[in-house]
Amino acid sequence: MKKVLITGVNGFVGGYLGSALKKRGIKVYGTSRFMRLDATEQLSFVDEIIVSSLSDKEEIKRVIDRVQPDVIFHLAAQSNVRQSWNSPSETMWSNSFKTLLLFESVKEISKSIRIVTIGSSEEYGHWDGIKFPIVEDEHLNPKNPYAISKMNVSLFAKEFSSVFGLDIVHLRPFNHIGPGQGAGFVVPDFAQQIVEIERKNKKPEITVGNLNAKRDFTDVRDIVEAYVLAAEQGIRGQIYNICSGESVEISYVLKSLISMSSENIVVKIDESKFRPNDIPDYYGSNTKFKALTFWKPRFTLQKTLNDVLNDIRSKRTDGNE
């Protein structure tokens with residue numbers, strides 16, 4: 001792996017992945033739908049950023065011809081579950097159909113290019129009798145438009161790998177968190193409210209959704225190390241869970257963040273923040289991936305939460321450094 005292309009490079013995970021690859025001496029190229037004016041330092045590891053929406057096969061082929069990558073990490077996606085309910089068609093287009101266009105493009109250019117597709121634990125969904133920890137060959141029963149779109153990616157990956165011989169490895173990360181994650185996800189939303197209270201910009205209360213749900217959290221810095229290992233060691237046509245292997249109650253996450261502040265904060269439940277078809281407990285098995293690569297998470301949950309909170313504290317209220 002000497003040269004890689006990261007689609008959606010200026011997203012939350014893209015920056016961490018690019019940095020991890022650059023440290024290995026790998027040339028990093030990325031695509032983005034637009035050039036962020038504030039991304040110069042964050043994306044300093046990128047040898048070239050190509051502005052592309054990846055919405056046309058000929059456009060995708062031009063990007064691939066320009067970069068000639070050994071590996072494509074396909075991160076570009078609409079990844080917010082709540083937004084997927086607001087715009088299911090946009091989510092399906094962004095996640096499923098653009099991935100299909102990418103597969104068709106690689107098939108026509110070079111089957112030697114490895115593609116690492118990023119799915120989601122949401123593909124598994126939930127039903128009475130589901131067994132935990134969830135393993136890779138578990139039945140898929142997605143419960144929201146985002147999950148359905150990512151399930152489609154895994155099905156396309158399987159068929160293009162077996163029928164056309166494309167070198168595709170599909171990953172199913174569970175919840176990943178870390179500094180720099182945007183609004184709309186549970187940990188940065190909690191942390192942002194705490195910081196606003198510390199700055200006296202809001203009264204000392206936090207409005208939250210369902211605190212009883214339990215989720216499998218992994219630091220984004222551990223996640224991208226797994227992505228790199230998957231590109232290097234993953235077996236063509238295989239699917240791997242990327243997760244910690246245990247679940248934590250959302251109430252514990254919130255209490256931990258609040259304990260890192262000196263403010264006296266009241267917690268209020270807002271049922272409008274509850275997800276449709278929310279799942280009470282969710283955690284996966286990382287046994288298959290660990291057996292292949294010997295990967296294991298390095299960051300503790302407390303360390304990650306502290307880093308998230310301090311990252312938000314370090315930013316001015318206008319969002320700039």
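Q: What lies over the face of Y240, and at what distance from the ring centre?
A: K288 does, at 5.0 Å from the ring centre. A charge sits over a ring if NZ of Lys or CZ of Arg is within 6 Å of the ring centre and within 35 degrees of the ring normal. This is a predicted model, where local features need pLDDT of at least 70, side-chain atom pairs count only at pLDDT 80 or more, and totals for chains, interfaces and linings use all residues. Residues are numbered from 1 along each chain as its sequence is written, and side-chain values use heavy atoms, with hydrogens and water left out.
Q: And what sits over the ring of F164?
A: The charged end of K107, 4.8 Å from the ring centre.
Q: Ok, ring pairs now. How many aromatic pairs are there?
A: A search of the whole structure finds 10. Rings of Phe, Tyr and Trp (its six-membered ring) pair if their centres lie within 6.5 Å; planes under 30 degrees apart count as stacked, over 60 as edge-to-face and the rest as tilted. One of the pairs is F132 with Y283, which is stacked, at 5.2 Å centre to centre and 20 degrees between the planes.
Q: Why is the pair of F174 and Y282 tilted?
A: Because the planes of F174 and Y282 are at 40 degrees, with the ring centres 6.0 Å apart.
Q: Is F174 buried or exposed?
A: F174 is buried, at 2% relative accessibility (buried means under 20% relative accessible area, exposed over 50%, partly exposed in between, with a 1.4 Å probe and protein chains only). Y282 is buried at 4%, while F132 is partly exposed at 26%.
Q: Which residues do ring pairs link into a cluster?
A: Y124, F132, F174, Y282 and Y283.
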